[in-house]
Amino acid sequence: MSPDSAASSSSSAARLSSNAFKIHNVCRLLTRRSHGFYTKDAGVAHRKNMGILRKLVCQKSTKFKNVWTTHSTSPIAYEHGRIYFDNYRCCVSSIAREPRILYQLPACSKSEKIEDALLLECPLEETLPSPPDYKSSLAVLTAHNWLLRLSANTGEILEKIYLPPYCKFRYLSWDTPQEIMVVKSAQHKFTAAAQQAGIQQSVLFFLAVFRVLPLKFIGMLEINKKIFGNNVTDVAFSHGMLIVMSSVGLVRLYSFQSISEQFTEQKFDLGCKCNWNGKVGIVGKYPFGLPCNIKITDTPPLLFEVSSLENSFQIGGYPWHYIITPNKKKHKGVFHICALKDNVLMNNSVTVTASGRVVKKRFNVLDDDPEQETFKIVDYEDELDLLSVVAVTQTGADGKAHLDLHCNEHGILLKSIPLAESWDVTYNHEVYFDRDIVLHIEQKPNRIFICYLYQMVCDTFVRNLNHSCLS
């Protein structure tokens, strides 16, 4: 045998040995699991399972195949293995080998359509009052001011709450994910119904705050320009803070706990009888709705204030940090990450995901070349601890995209998944990487939405080996 042949054989053997070692690790984890090593701790078992899945996702032989493509004239949404069509009235499971409809709600009028939705999942540390509460459900907000909780698997209505009729509620969001939910109105327009309800012309927004699973009414408050100023353009909740944004780019933060303690006039439970402002009814029932029981009569103590272009602001992390865009037009597209305690700007060792997470990463690992390819979407798959980056190469009128998976700890490229469809940079795109699927939602002109679903496919050798490990 020639030296070159020997070297080649040695290299091949080394690669085979390396691959066998990796597969052996997966087999060892599966064997230990089957022997009951992790039965006393569901968290450990879940982490081990996700470790196995990460190895399978990232191995070279694993492919992602486009198994389903569909079109819609209404927006398409995705949440935790479920694809929603027709304003959340149709739910399709993306987990099965072939996508299947979980439920299809009956057709409704435009006045009853679903405006917004949030997926509710059981908190691990809570004891809930009824068995159905432990299953995933969907909180939906309808155009005629009903907050409904639907079964995520069947669409059955589990709870109904009627919101106040004198304003139009339109948005659902989390203050604290899976704990505190906020229902926000559209910017208030003074109507005859509002006048009859005693609402002042200076009221801009209404916010109803709930604890979830089981749903519990915390309180409802109004945002009044007499208190917060004439140039208020929007409000939000995050991490127990009321965030008020203004037309001049100022973002102000207030403690909701302090507001609640100082200005709550009376506490109410859903379903209880209520006498409020001369009207008697049942809290959360039609036609009474909810009382606006948090009356802010003076400017609350200001926690924090910052200036940001177009009110771009996100907060989170540990210790606390916030993300802003400097308040000048030339800085559009630039993001600064600062420590909340002292406003110190962080160095360039971080990047920001589309979901608002701050992910530590060396930029020289992820730098793009605008003339060759550009990064369009960056996100973090927390269960697999992988950073996903959509990179697009533009060649003439058409572009081609691939989803790159990087080790979140070291930034090393572990896997590149090509997307078969062309990518037009002038269209809106969303890409979700969730465990073993990739979902690409594209919005074309004239409200045409296209959904491309990719599923993980392992080669025959690996599938057979995994089955033998489980037997």
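A polar contact is a pair of N or O atoms within 3.5 Å, where within protein one atom must be able to donate a hydrogen and the other to accept it, and where residues adjacent in sequence count only if both atoms are side-chain atoms. The model is predicted, so local features need pLDDT of at least 70 and side-chain atom pairs count only at pLDDT 80 or more, while totals for chains, interfaces and linings use all residues. Residues are numbered from 1 along each chain as its sequence is written, and side-chain values use heavy atoms, with hydrogens and water left out.

**Exercise 1.** Determine whether Arg149 is buried or exposed, and find the polar contact that joins its side chain to Glu159.

*Solution.* Begin with the relative accessible area of Arg149, which is 4%; buried means under 20% and exposed over 50%, with partly exposed in between (1.4 Å probe, protein chains only), so Arg149 is buried. Next, take the side chains of Arg149 and Glu159, which are joined by a polar contact of 2.8 Å.

**Exercise 2.** Classify the ring pair of Phe210 and Phe217, and then that of Phe268 and Trp276.

*Solution.* Rings of Phe, Tyr and Trp (its six-membered ring) pair if their centres lie within 6.5 Å, and planes under 30 degrees apart count as stacked, over 60 as edge-to-face and the rest as tilted. For Phe210 and Phe217 the centres are 5.7 Å apart and the planes stand at 50°, so this pair is tilted. Phe268 and Trp276, with 5.5 Å centre to centre and 90° between the planes, are edge-to-face.
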